[in-house]
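Subject: Structure handover

Hello,

Here is the structure we talked about. Please open it next to this email and follow along.

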Protein chains: 2
Amino acid sequence: MRKSNVTRTSSLLSGGAQTKNVAVAGVDRITPVVRVKLSNAVFEDLGQAIINGDYPTGSSLPGELDLASAYGVSRTVVREALYQLTASGLVLSRPKVGAQVLPRESWEYGSAAVIRWVANSPARAEFLHHVTEMRRVVEPEAAALAALRADDGQRARVAEAMADMRLAVEREDVDLFKAADENFHLSIAHACGNPLLMEFAAKLRRAVTLSRETSTQAIDDPKIVEQMKKANVYELAQLAIDAHAKVADAILLGNDKGARKAMTALLKEVDHALTLVLGV
Amino acid sequence: MRKSNVTRTSSLLSGGAQTKNVAVAGVDRITPVVRVKLSNAVFEDLGQAIINGDYPTGSSLPGELDLASAYGVSRTVVREALYQLTASGLVLSRPKVGAQVLPRESWEYGSAAVIRWVANSPARAEFLHHVTEMRRVVEPEAAALAALRADDGQRARVAEAMADMRLAVEREDVDLFKAADENFHLSIAHACGNPLLMEFAAKLRRAVTLSRETSTQAIDDPKIVEQMKKANVYELAQLAIDAHAKVADAILLGNDKGARKAMTALLKEVDHALTLVLGV
DNA sequence: CTGGTTTATTTGTCATACAATATACGGAAA
DNA sequence: TTTCCGTATATTGTATGACAAATAAACCAG
C-alpha cells in the first residue's frame, strides 16, 4: 500500500503532523536543507501531543503499525521515536498493551524536550508560574555562588552581558535587550560552579524564553495589552538596568550576599514587569 | 579501543541473549519473568560507560555494527539504545561520523538515568557534594511551601514518616530508619505544590540514596570506618529525631518560615553525619 | 459463574537492502 | 607545491519482512 519513498518522506511533515498538531505548517519549510531525522519529527509531534493532553494518562498510544501508517513512515522510525519518548519518561511500552502514557509525576521535567513541549502547551501559564517560583529559589543562590567562584572569563561574560544591556537601552533595541538579558542570566548560571544548579537555572531561563516566543499570538488578551500600555517602557528599562547592574557589580566584586540579595530584588521587582512587556 | 568495557557488557547480556539465539530448551524457563529489553540493557551500559569517561567528550562511539556484534545484538537494538542516549543528551549521531559524545553541559543531569549513572561513576563523590549543595537550596524552600500548601493527606504522610522514624530509633532498626528518612523528605517534596520543585527535590534525594547504596562496598575506606566508630549512634539518632520533628511540626502547623529554618538546620547539622554513618 | 486454557494481537528482535550523507582520497588547476 | 573540487567509500538513516515473545481477551471445561 505504500510505494514511493521520496514523496512519502515529505508527506510525513505535512500530512502526519496535520492530523495531530495545530500549526506545523511552517516547520517543514524552515528545514528543507537540513534534513530532519524522521524519528525526531515523530518524537516531537508525539511528545507535544501527549503533553497537550491528547493522550490522557494511562491510555495507550495507537499501535506502532497504526502510527507508522498515520505518519507515513516505517515502523522502525516509530519505534525509535518511542524510545526517545521512553527516555523522556512520557511512555512505557509493553507487548500487547502498547505504549502507555505515564503519569505526570514521571515525566522528566528536567529534559529539554519536555520543557519545550510544556512551554508550548495549554498548561503554559501555570507552568510559567511554577518556573518563576523556582527561579526565585535558584537564581539568587546561583548569583551568590557565582560571586564566590566565577573565574575571570566567566566574570567577563557577565560584564559583557551587562554592557550589552546598557547598549540595548541606549539604542532602544528590543531584540538586543532580550539577548543581553538571556546572556546575563545564563552567564551567571554557568559561573556558579555547580553543574546541577547550572543546568537547572539555564533550563528555567530557557523555559521563560520559550514561553515568550510561543506566546506572541496571545497578546490580544486585553488585560495584558492594558498593562503594556500603562507601563512606561523607558522607566522600566532604567529600572531593569539598575537592578541588573547591582547583581553584576556584586558578582564582579565577589560579594556573595550582595549578589543574592540583588538577584532576589531583581526577580521580585523587575522581572515580572519585563515579562509582561516583552510578551507574556 | 574500548574492548574491556564491551566484553564485560557482552557477558552481562549473554544470559538473556543466548537463550534466545541458541534456543537451548531448559535455559528459557529459568528466567522467563524478568525479561529485560535488550535495548535498555545496551542503553544502560553505554550510558554508564560514557559517564564513567570511557568515551571522552567529542569522540565517537564505535559504529553501530561494531556495537551490535560486540554486544551480541542486532543493529536495531543498538540504534534504539542510541536513541535513548540521544534523549538523555549524551550523544548526537550523524551519518558517517557516528555517535559523538556531547560535552557535559548538554547532559540531562535531571534525567533519572543520568543521575543513576553519575551516582555510580568515579565522579560520585564530587557529584554528591553538588547534590548536597543543591539540597540546601531546594529542600528548605520545599518545606516552606509544603507548610503553606500541603493538603490533609500530604500532611498525614509527613506525620507518618516522622512516626516511622521514631519507631525505627526505638527498635534500633536501621533499614526502617533509612526508609522513614527517605519517605520524610519525599513526602515534603510531594507536598510543595510545584511539580518542578517536587521532581528536582525527589531526584536529589534519590541521588543520595543511590550513592549510599552503590557505595556499600567502599566502606573499607579506613577514614570512614574511623568516623563511624567515633560517632555515637544513639546520640546521633536522637539528634536526627529532634531535627526532623522540628520540620514536621512546622509543616503540620502551617509555619512556613519555621519549616524553612528547621530544614536548613536539619541539612546543615544532621544530614551530613547521617550520611557518614549510613554508608557514604 | 469460576478458573484455567487457548487464541489473537501487539511489541521485541533480527536480517537485509537501499538511500542519504559526510569524510577522505585523489586529481586538476593555479 | 598548494588549493580547490569532484569522486569514492564507509557509516548512518530508512524501509521492509519475518519470526519470537508476551499478554489481554476470548474461550471452554467444570
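Which residue meets B:R149 in a salt bridge? The partner is A:E133, and the N to O distance between the two side chains is 2.6 Å. A salt bridge here is a side-chain nitrogen of Lys or Arg within 4 Å of a carboxyl oxygen of Asp or Glu. This pair crosses between chains: B:R149 sits in helix 7 of chain B, and A:E133 sits in helix 7 (residues 124-149) of chain A. Helices (H or I, at least four residues) and strands (E, at least two) are DSSP runs, numbered from the N terminus. B:R149 counts as partly exposed because its relative accessibility is 35%. A:E133 has a relative accessible area of 17%, so it is buried. The cut-offs are these: buried is under 20% relative accessible area, exposed is over 50%, and partly exposed is in between (1.4 Å probe, protein chains only).

Some ground rules before the rest. This is a predicted model, in which local features need pLDDT of at least 70 and side-chain atom pairs count only at pLDDT 80 or more, while totals for chains, interfaces and linings use all residues. Residues are numbered from 1 along each chain as its sequence is written, chains are lettered from A and ligands numbered from 1 in the order in which they are written, and side-chain values use heavy atoms, with hydrogens and water left out.

**Chain A**

Chain A has 13 helices and two strands. It has 280 residues, and 47% of them are buried. Take its contacts with a separation of 6 or more: residues 24 or more positions apart account for 72% of them. Contact means heavy atoms within 4.5 Å. The chain exposes about 13,800 Å², and carbon and sulfur atoms supply 56% of that. Accessible areas come from the Shrake-Rupley method with a 1.4 Å probe; for residues, only the protein chains shown count as cover.

**Where the chains meet**

The size of an interface is often given as the accessible area lost when the parts come together. Between chain B and chain A, the buried area is about 3,200 Å², and carbon and sulfur atoms give 61% of it. Buried area is the accessible area (1.4 Å probe) that two parts lose on being put together, summed over both. On the chain B side, B:E80, B:Y83 and B:L196 lose the most area to chain A, together 21% of what that side buries.

How many residues does each chain bring to the contact? Chain B gives 36 residues, and chain A gives 36 residues.

There are 20 residue pairs in polar contact between the two chains (both at pLDDT 80 or more). A polar contact is a pair of N or O atoms within 3.5 Å; within protein, one must be able to donate a hydrogen and the other to accept it, and residues adjacent in sequence count only if both atoms are side-chain atoms. Four helices of chain B each supply at least two residues of the side that touches chain A: helix 3 (38-52), helix 5 (75-87), helix 7 (124-149) and helix 10 (195-214). Helix 7 of chain B gives the largest share of that side, nine residues.

**Salt bridges**

The structure holds 20 salt bridges over all chains. Across the interface of chain B and chain A, the rule finds six.

One of the bridges joins B:K203 and A:E108, with the closest N and O atoms 2.5 Å apart. B:K203 lies in helix 10 of chain B and A:E108 in the loop between strand 2 (98-101) and helix 6 (112-119) of chain A, so the pair joins two chains. Both B:K203 and A:E108 are buried.

B:R79 and A:E80 also meet in a salt bridge, at 2.6 Å, N to O.

Another pair stays within chain B: B:R260 and B:E141 meet at 3.1 Å, N to O. B:R260 is in helix 13 (residues 256-278) of chain B and B:E141 is in helix 7 of chain B, so the pair ties together parts that are 119 residues apart in sequence. B:R260 counts as partly exposed, at 29% relative accessibility. Salt bridges that share partners also join A:E64, A:R75, A:R79 and B:E80 into one network.

**One more stop**

Last, look at B:T209 in helix 10 of chain B. B:T209 is buried, with a relative accessible area of 18%. Its side chain is joined to that of B:E182 by a polar contact of 2.5 Å.

Best wishes
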